[in-house]
Amino acid sequence: MMELRLKPKVSGLSIPLEAEVISPDVIAGKTLREVEELRVYHGNRAERLGEYFEVEGEVAAEPGEQLIVVEGDVSWVKYIGAGMTAGKVVVKGDAGMHLGSKMSGGEIIVEGSVGDWAGAEMTGGLIRIGGDAGDLLGAAYRGSPEGMRGGCIFVEGSAGYETGTGMRRGLIVIGGDAAPFTGAHMNGGVIFILGRAAKRLGAQMKGNGSLIICLGEVEELLPTFVYDTTYTPTFMRIYLKTLSEKLGIKRAEEYIGRPFRRYRGDRAVGGDGEILVVERG
Amino acid sequence: MEMMRVNGVEVEDTFAEAFRMWGCRVIITAKNQKWADTAAMEMTGFATSVIMCDCEAGIERRLSEDETPDGRPGTAVIVFAHSKKTLIEPLVRRIGQCVLTCPTTAVYNGIPEEEADAMLDIGKRLRFFGDGYQVKMRLGDGWLRRRRFWRIPVMEGEFLIEEILGAKKGVGGGNFIIMGVDEDSTLEAAERAVEAIHRVPGVITPFPGGLCRSGSKVGSRYPFLRASTNTPFCPAIKHTYPESQVPEGVNSIIEVVLNGLDEASVRRAMAEGIRAAVEVEGVKRITAVNFGGKLGKYQIYLRDCLGGEVS
Amino acid sequence: MEITVTLITGRTAEQGVGKEIGKTSERYQRGVNYILLNPRDAERIGVEEGAAVEVSTLHGSTRVWCKLSEDIEAGMAFIPLGPWANRLFDPETHGTGIPSVKGVEAKIRRAEGEPPTLEELLKELKG
Amino acid sequence: MNLIIKGGYVYDPINKVNGEKMDIYIKDGKIVEELPEHKAKVIDASGMVVMPGGVDLHSHIAGSKINLGRLLRPEDHRKDPVPRTRVTRAGVGYSCPSTYIAGYRYAQMGYTTVMEPAMPPLGARHVHEELNDTPIVDKSAYPLFGNNYFVLKYVREGDLEMLKAFIAWLMRATRGYAIKIVNPGGVESWKWGKNVDGLDDTVEGFDVTPRQIITSLARANEELGLPHTIHLHCNNLGVPGNYQTTLETMRAVEDVKPKEGRENTLHIVHCQFNALAGDSWATLRSGAPEIAKYVNSHRHVTLDLGQVIFTDTTTMTGDGPWQFRLYNLTGNKWVNSDVEMEAGAGVVPYTFRKKNPVNAIQWAIGLELALLIYDPWRVYMTTDHPNGGPFTFYPKVIAWLMSRKARTDTMLEIHRAAMRKTTLADIYREYDFYEIAITTRAAPAKVLGLGEKGHLGPGADGDVAIYDINPTEWRPSMYREVEKAFSRAKYTIKGGEIVVVDGEVVSTPLGKTYWVDVEIPEDLEGELMKDLEEGFRNYYTISLSNYPVEDAYLPVQRRVEVVGWR
Amino acid sequence: MPVYRSVVCPFCGCLCDDLEITVEDNRIVKVRNGCAISTSKFLHHHENRVENPLIDGKPVALEEAVKEAAEILKSARRPLIYGLSSTECGAIAKAIELAELIGGVVDNTASVCHGPTILALQTLGESKCTLGTVRNRADLIIYWGCNPLEAHIRHLTRYSAMARGLYTSGGRKDRYVVAVDVRETRMKRVADLFLKVNPGGDYELLSALRAVVRGYGLDVDEVSGVPRDVILELAERMKKSRFGAIFFGLGLTQSEGRHMNIEAAIGLVADLNHHTKFVLIPMRGHYNVAGANTVTTWQTGYPYAVDFSRGYPRYNPGEYTAVDLLARGEADAALIIASDPAAHLPYKAARRLAEIPTIVLDPKRSMTSMISRVVIPTAAAGIEAEGTAYRMDGIPIRLKKLMEPPEGVLPDAEVLSLIIEEVMR
């Protein structure tokens, strides 16, 4: 892959910068000069990318060959990698809202934390977040019935409210704690929570294979989820192996063969989604 | 008929006449090898020949924990039938009756999509056993290779089956015939041949223990019977049968039948089998069954299998 | 002595009346610079009707007058919306635009001084 | 500004001009016989089609219902953001466009008059406020009568005079233009969660039937002599087999005597949704041929299509019970809104899919109606925006009407039910430009009684659309060209002002609002007011005096005076 | 002595329109039919007024204040326009136009009251009706997390529990009334059944009701402090009612769960429509907050939290809402119209308003006006200026002008027009 480096010239802007141009799809095929000239939006002003970033490195011909490395904290930059279809973006620090929203392919790695709406409505690709995620990770934008429709998000830290709202497909793995309403309106897709799951998990989730798996503690389940049984489903082995082998979450393997409590719901919407909670002790 | 000699045993320079068949590899895993094998054996039972069975099936090999998708011991089974279409029904029935029912098992595809010629909706059809309580499981949508499974509630727990299973255009009816001086040497040679054949991936031997002692020929004198034992090769009637092909000194003959997912595997397996067989003292001659090239698409010459090697 | 209560905010008719006279009116200020406590809770922290109490949450603290009423059950407290109450709440909206201002955990104890006046609040706000 | 439009092929059906090359003169906003060239701006329209500005008699563009649709669908807006320009405001488009964008987009297609067809009287101010924010086009709104308490009361009492007085009063109070009836009786019953299932069902709580409501209102309408007929959304909309209800409805008003000077007494709206045959969704087929047969032999009916477009849209009607059904069919989000004493509404997002057999049949039915009814003066192109699809798809509908190839090409992409369960594949008729001019402007203007609209004769409003397509060279196989030309008018002229050039809005004057003013005889009015005062006091939640819409809401108005009583 | 009848009260979302106001010497001397708050509003409207346009607290001419305001807004990169719920629709329209012009964000106070209601509606829809339909038909009324006795004082008598109508000639006795709240408010005395729900437990209770209405059992003894039997019985009563209505307030929107609480309520009501007729109506607070949403929606497609920084409207509560923009320190200038965010927003957000150049349009002095760079007094809509306001149920009503505003004081819309002109110059 050809590596293009973006070094922030400023830090901690109070008005965030909107830079959906930080995407292999936009950058591939351009010259460094053209990359500097790309439009970014600071409040109501349209400005050059080059004003905010030093641009160096190499530009690939195809997005799939493009690696973009953002060298530093850019929690003030929104829409990094939004809509990208291929290639790779690495942020060596925090990133702002809407990171990788609506992306359909490629990979984004954020070493730090991300703002709200990361991976919102994404359909494919992989987002790895080293720190914490904000609210509405992988969620549907307001009004839309469809959230994440494919791809994978792995947050090593915790994730905020309404993670995976309206999720249809794909996988979200939360290494740390999950805030309330994780998996609300899920209608397909899988969410793993390795840390503590807050209440109202899976609120209004329907069927279609929606599944939330809690490997850590669960604060409280809604009264509209029905406990069925405690068992050791075979399929769990596949997921846990996938987490270990494809995402490098080795501790997932510890749960292979462990019994899970199976809950179905949300009865409030006549749903038949599942919450599986690992049996403690 | 020209003869070659392998390890001093006569090998006829003829061909095994094989057919186009569609094969599907099914991976069965279970809590332990015992149950994987049990399911596999049930599933491959009564599946020797399409002459009177709905398919031809056999166990390919056992799989260790690190070879299976769920990390449990497993057994690979391959099922063959004449066409893609006629393959589906036996798979559905056999998995439905022999694997779904068998404690702790799960079923996975054994031929990845990129190697397969077609993907068959087997899990998709079996899901109805869940009576509406089955759950679709999607793995890797949009970031890994997409795989889908069905989770079907059963009394013991949950049966997991992959939604689609890969099928390939394979080869059925690969064979060779071992002729020996007596029963003991012939059987031993055949057993060794089957053992060797099973070292080749993608090949199964659908007959009992891999062996077909009756052989078969097309048709019979009875109008209601499509096939009969291979009378020309029956030593018991070698002098009374008008066109007997049993050589002098041969008193027992066994046919080794094998199907494979592609011609090359069949070829290799035949070679391995023949080589193992000729090691046994008392083996007189090796030949193969064909119908003059009238029936099968494939003519697998023993000479080619053995690399033309004659010693 | 300090107690932990669940704090509820809201509007009151009296606050509405005062607000319509004017934010700088005394009636408005009186209408919003108090906390409603159950007498049993008040007893626990040793305050009486009309005493000043300090209310604090994870996000800030404020001083208001104490009013007692059986209408509010022990373990809960009510404080009308306004410039005294607004110092207690988390501005985080979790992607909704609305901060959580009802059902917040708060600690209450007798205050040292009097509640700030509106002018004092303003001065502080201006920084 | 004076204008001369030179050298275009003019289609002005009201004046029987069929593609003649001629010049059009506009002075002070009106069409005139002739003008000296040096005193006017000259527009070269040679090689182009010149038509009167388009007239849409049924499009939900203003008021609480469409605004609920807007509110409900941020995901729809995100597909189509519209930035501000030097002359135009920002907004959003697609199925629930913001008011400004609706005005611009109509003008961009050469439309200059648009009617909002469902105004709950209690929300009349809201409708007018939105219409005032809908630039360029002239407009009006039809108040809802079919489930109004007072209407039901007077129908029950058989008091046609009071009914007429009430109509006159409500028209003035709401500044409305025509009598709109939605699922008569059904919406009232829906306030108890029920519906009516046909013309002779009894309305919950009132001892009247839909038949009585329709015939009484039609009679009152014709006796008052309102410029438009009753504007009826039939019972049983969206129910398989409902074409029979529609036919029955048409028959029900056969003996209503039309107002002097016209033959028709009934306009059936978005007829496609009411032309379903079969007894379930599985056996659904087109009822359009039966309806067309009836319309072809009866002069008293007009209708508009409610053509279906294959896209994601937002359905909204005053027909609350139907919207509840649709909600249950789709599982999509659902808004219901009942208006005290008067009306109701529902909103449900809906996607018409090519591969859905029902949708494919619906698509074909709309076109069948347009093609099987011989008289283009009585069948009007609409999509019932946004119910069948956004109005921005009109050029597509025009292409389907004008080109059998366009229809066949679509038919090949969609579910084969369109071919099997309808007659569309067997229809060879293709509209020409003249007929398009009839169905999209001349005829709707005529049926609305808008004498100054829909034509280019002297005295008409200076509303002209110029499309960059040469009719002498055009062939039906070139349907994409016609679609393109009608999507972006070369010029749109509104009241003599150039508002669109090359498909771009260049000027945004505020159009006028039409309303009908009928004077009520004094004694009748006195009696009515007594009734109203009592009704308002007991059952309404706003005072009678705060009910009528003030003049402030009609900054540019055109009062259409009607002498209701002679 | 002019007496105005059928005057519309510009205080709460009830927009009662039957007031009688007596004006003497350009001063209101008598209010009939008004509630305590309404009466206070009319009688004291002249008190605590902003007397002059101010810049940094010093009196200036209107033109100067307008110019300063335009200058601030023009040079800002992320200007916020906020408030709008206590003014008439013309001003709201102008505020949106201004926001569009300066590439700013326009938000209204719905974002801190019924914003969650709108978010929920955008997910699920809603089943609602005008207040008269409740008056005429409802035989079951539930007040959930709202207290009309404090905030919508005449609601009970004019529109709901006590009102008599077409099919409810018996008024209160024709109805079963339920109140649900986290504490025992005065509504307990009004209601036939009062349910005390644990704080933050509304979502669970609504969900449980919903499951029961759908025909599922409930295998817990209580939900959020409400016993199972009570839930089962209430669900049954809901299904059996002829016309049911739920009114809800900030007890649902501002507590834990926010929009999800409303979703649960909307879902419950939608499900109930399979059994009977049921509606849900938010108790909108400020008299024209519904209008602010309505106008913003028809002009931009979105009800609040609308960002024009890219030239076209964008919508995202939590991103473009006032509290968030201020608390994150994003807004670099603010124009506050008819609202007092400095008194009501969380301190961190209020603090930001004091840090940046803030402009206030308000008839009266407020916390916000006292920390603002520019203050422009305006006429009080509904008293000194006319215009449209939308009732909580969406009914548009014309506000009346009863008297002249103080000399030189213009309505909000006109001041905004002046600012727009100045910005365009």
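**Stop 1: the whole assembly**

The model is predicted. Start with all chains shown. Six pairs of chains touch, and the pair with the most contacts is D and E. Some pairs stay apart. Select chains B and C: they make no contact, and 26 Å separates their nearest C-alpha atoms. Now try B with E. These two do not touch either, and their closest C-alpha atoms are 17 Å apart. Across all chains, a search of the whole structure gives 129 salt bridges.

**Stop 2: chain E against chain D**

Select chains D and E and hide the rest. How many residues does the contact take from chain E and from chain D? Each of the two chains gives 61 residues. The size of an interface is often given as the accessible area lost when the parts come together. Here the buried area is about 4,900 Å², with 53% coming from carbon and sulfur atoms.

Zoom to R242(E) and E204(D), which form a salt bridge with their closest N and O atoms 3.8 Å apart.

Next, colour the chain E side by secondary structure. Elements that supply at least two residues each to the side touching chain D include α3 (89-102), α4 (115-124), β8 (125-129) and α13 (289-300) of chain E. Colour by residue class, and the side of chain E that touches chain D shows 25 nonpolar, 20 polar and 16 charged residues.

**Stop 3: chain A against chain C**

Six residues of chain A and four residues of chain C make the contact. The area buried between them is about 340 Å², and carbon and sulfur atoms give 44% of that. The number of salt bridges between chain A and chain C is zero. Two residue pairs are in polar contact across the interface of chain A and chain C, both at pLDDT 80 or more. On the side of chain A that touches chain C, the classes are two nonpolar, no polar and four charged.

**Stop 4: a bridge from chain A to chain E**

Side chains of opposite charge can pair when their charged atoms come close. Select R200(A) and E204(E). They form a salt bridge, with 2.7 Å between the closest N and O atoms. The pair crosses between chains: R200(A) sits in the loop between β13 (190-193) and β14 (211-214) of chain A, and E204(E) in helix α9 (residues 202-213) of chain E.

**Stop 5**

Two packed helices are described by the angle between their axes and the distance between the axes.

Select helix α4 (residues 118-126) of chain C and helix α16 (residues 347-355) of chain E. They pack at about 70°, with axes 8 Å apart. That angle makes α4(C) roughly perpendicular to α16(E). From α4(C), select E124(C), L125(C) and K126(C); from α16(E), select Y347(E), A350(E), R351(E) and A354(E), which complete the contact. By class, the contact of α4(C) with α16(E) has four nonpolar, no polar and three charged residues.

Now go to chain D. Helix α6 (residues 160-174) and helix α18 (residues 522-539) of chain D cross at roughly 75°, their axes coming within 10 Å. So α6(D) and α18(D) are also roughly perpendicular to each other. Residues to show include M162(D), F166(D) and W169(D) in α6(D), and L528(D), L532(D) and F536(D) in α18(D). The residues of the contact of α6(D) with α18(D) comprise nine nonpolar, no polar and five charged.

**Stop 6: backbone details**

Select G265(A) and D266(A). The peptide bond from G265(A) to D266(A) is cis, with omega near 5°. D266(A) lies in the loop between β16 (260-265) and β17 (273-278) of chain A.

Move to H385(D) and P386(D). A cis peptide bond joins them, with omega about -5°. P386(D) is in the loop between β20 (379-380) and α13 (394-402) of chain D.

Finish at H185(A). This residue is not a glycine, yet its phi is positive, at about 60°. Look for H185(A) in the loop between β12 (169-174) and β13 of chain A.

Conventions
Residues are numbered from 1 along each chain as its sequence is written. Chains are lettered from A and ligands numbered from 1 in the order in which they are written. Side-chain values use heavy atoms; hydrogens and water are left out. Axes are lines fitted to C-alpha atoms, for helices over the stretch in contact, and angles run from 0 to 180 degrees between N-to-C directions. Helices (H or I, at least four residues) and strands (E, at least two) are DSSP runs, numbered from the N terminus. Angles under 35 degrees count as roughly parallel, over 145 as roughly antiparallel, 65 to 115 as roughly perpendicular and the rest as oblique. Contact means heavy atoms within 4.5 Å. Ala, Val, Leu, Ile, Met, Phe, Trp, Tyr, Cys and Pro count as nonpolar, Asp, Glu, Lys and Arg as charged, and the others, Gly among them, as polar. Buried area is the accessible area (1.4 Å probe) that two parts lose on being put together, summed over both. A salt bridge is a side-chain nitrogen of Lys or Arg within 4 Å of a carboxyl oxygen of Asp or Glu. A polar contact is a pair of N or O atoms within 3.5 Å; within protein, one must be able to donate a hydrogen and the other to accept it, and residues adjacent in sequence count only if both atoms are side-chain atoms.
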